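Here are my notes on this one, in the order I would look through it. Have the model open while you read.

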Amino acid sequence: MKYSNPQIPEGINVSDRHPLKELLILLGGALVLVVVLSWILAEFGGRLARLVPFEHELSMAPDSLLSSDAPPALQRYLDDLAQRLQTQMDLPKGMTIKLHLSGSDTFNAFATLGGNILLFRGLVEKLPNENALAMLLAHEIAHVQHRDPIAGVGQTAAVQTMLSLLFGSADLSILGSAGLHTQLSFNRDMERAADATALAAVYRVYGHLAGANDLFAAIQAERRRTGDGELPAIFSSHPLDQERLDAIIATAKANGWSTEGSVTPLPSQFLAWLRQSQQASILHDDAPAKAIPESPPVR
């Protein structure tokens, strides 16, 4: 056999593409890989966290984290309404709900670890009737029932662990601000599921869904007042307002539930109670600070 030594063509190891184009392709691929890996880990972390017994979750949110500015009469009214909803929601044995009201102007409400729900006067005082308030309470109770707060912590922990391993950050102190990260980690699927569970509870309590849409109408009105537009759906942690309003109609139609009926007025002293909570909040703020984590708006 005769062997030969052919001449290797020039430039065989040189790409025809511009180096910057290749760099952009590599960076884009790396970014997609990180996003996909983050999503997979978040799903795994959330599912794993939901296996944590609720009684262990209680110890992760000490009572000192949250307090209530509600006067006794308002607290009793809120607790009674929440109890009426809970009896229709079939909460697991041992799962408890603790309502807290902040007298601040913040337009928000959220559920966090240990069955704690924090309502803000800025949102509650914009609700025109008890049915809208019930929809808000039932939505937050549903987050607790679905174990969304602990799932949010699990998702955040999983993603932050991965980012720390990839980028060398050792800051994993997420449990120190569980409320903030819990709220940030809720996603649109969680919100849709909470809305569906809440609608069922409101229907069982009142026999119709009239007034439930007033919660989302109040959110829309606040958005118009402040000039804050909705984020595009892909960037929003909540379904769009119109989607949620449409869901009420669709849910009612699918289940044969009426959207018409008499709404229940709020107690005559309701606004006076809220003003008392505002005063309590002012006094509270003047006292030595006790940090309550900020959270993104409910809208």
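1. Take Tyr-77 and Trp-273, a tilted pair at 6.4 Å centre to centre with 45 degrees between the planes. Tyr-77 sits in helix H3 (residues 72-86) and Trp-273 in helix H11 (residues 270-286), so this pair ties together parts that are 196 residues apart in sequence. Tyr-77 and Trp-273 are both buried, where buried means under 20% relative accessible area, exposed over 50% and partly exposed in between (1.4 Å probe, protein chains only). Ring pairs also link Tyr-77, Phe-270 and Trp-273 into a cluster.

2. What is being read here: this is a predicted model, in which local features need pLDDT of at least 70 and side-chain atom pairs count only at pLDDT 80 or more, while totals for chains, interfaces and linings use all residues. Residues are numbered from 1 along each chain as its sequence is written, and side-chain values use heavy atoms, with hydrogens and water left out.

3. Confidence next. pLDDT is the predictor's confidence in each residue, from 0 to 100. The protein chain averages 81, and 82% of the residues score at least 70. Helix H7 (residues 178-185) has the lowest confidence, at a mean of 43, and H3 the highest, at 97. Over residues 172-185 the pLDDT stays under 50, and the model has 33 contacts beyond four places in sequence for that stretch; contact means heavy atoms within 4.5 Å. Residues 288-297 are also below 50, with 23 contacts beyond near neighbours in sequence. Where pLDDT is low, the predicted coordinates should not be read in detail.

4. Overall layout. The protein chain has 11 helices and 3 strands, counted as DSSP runs (helices H or I, at least four residues; strands E, at least two) and numbered from the N terminus. Along the sequence the pattern is α-α-α-β-β-β-α-α-α-α-α-α-α-α. Of the contacts with a separation of 6 or more, 77% are between residues 24 or more positions apart. Buried residues make up 43% of the 299 residues.

5. Helix H5 deserves a look. Which way does its length come out? At 1.5 Å a residue, the 16 residues of H5 (residues 130-145) should span 22 Å, and the end C-alpha atoms are 22 Å apart, which agrees; the expected span is 1.5 Å times one less than the number of residues. H5 is mostly covered, with 16 of its 16 residues buried. At its start, a side-chain oxygen of Asn-129 reaches to within 3.2 Å of the backbone nitrogen of Asn-131.

6. Most residues other than glycine have a negative phi, and most peptide bonds are trans. Arg-147, not a glycine, has a positive phi of about 65 degrees. Arg-147 lies in the loop between H5 and helix H6 (148-167) and is buried, with a relative accessible area of 12%. Asp-90 has a positive phi near 55 degrees. Asp-90 is in the loop between H3 and strand S1 (98-102), and at 65% relative accessibility Asp-90 counts as exposed.

Notes:
A polar contact is a pair of N or O atoms within 3.5 Å; within protein, one must be able to donate a hydrogen and the other to accept it, and residues adjacent in sequence count only if both atoms are side-chain atoms. Rings of Phe, Tyr and Trp (its six-membered ring) pair if their centres lie within 6.5 Å; planes under 30 degrees apart count as stacked, over 60 as edge-to-face and the rest as tilted.
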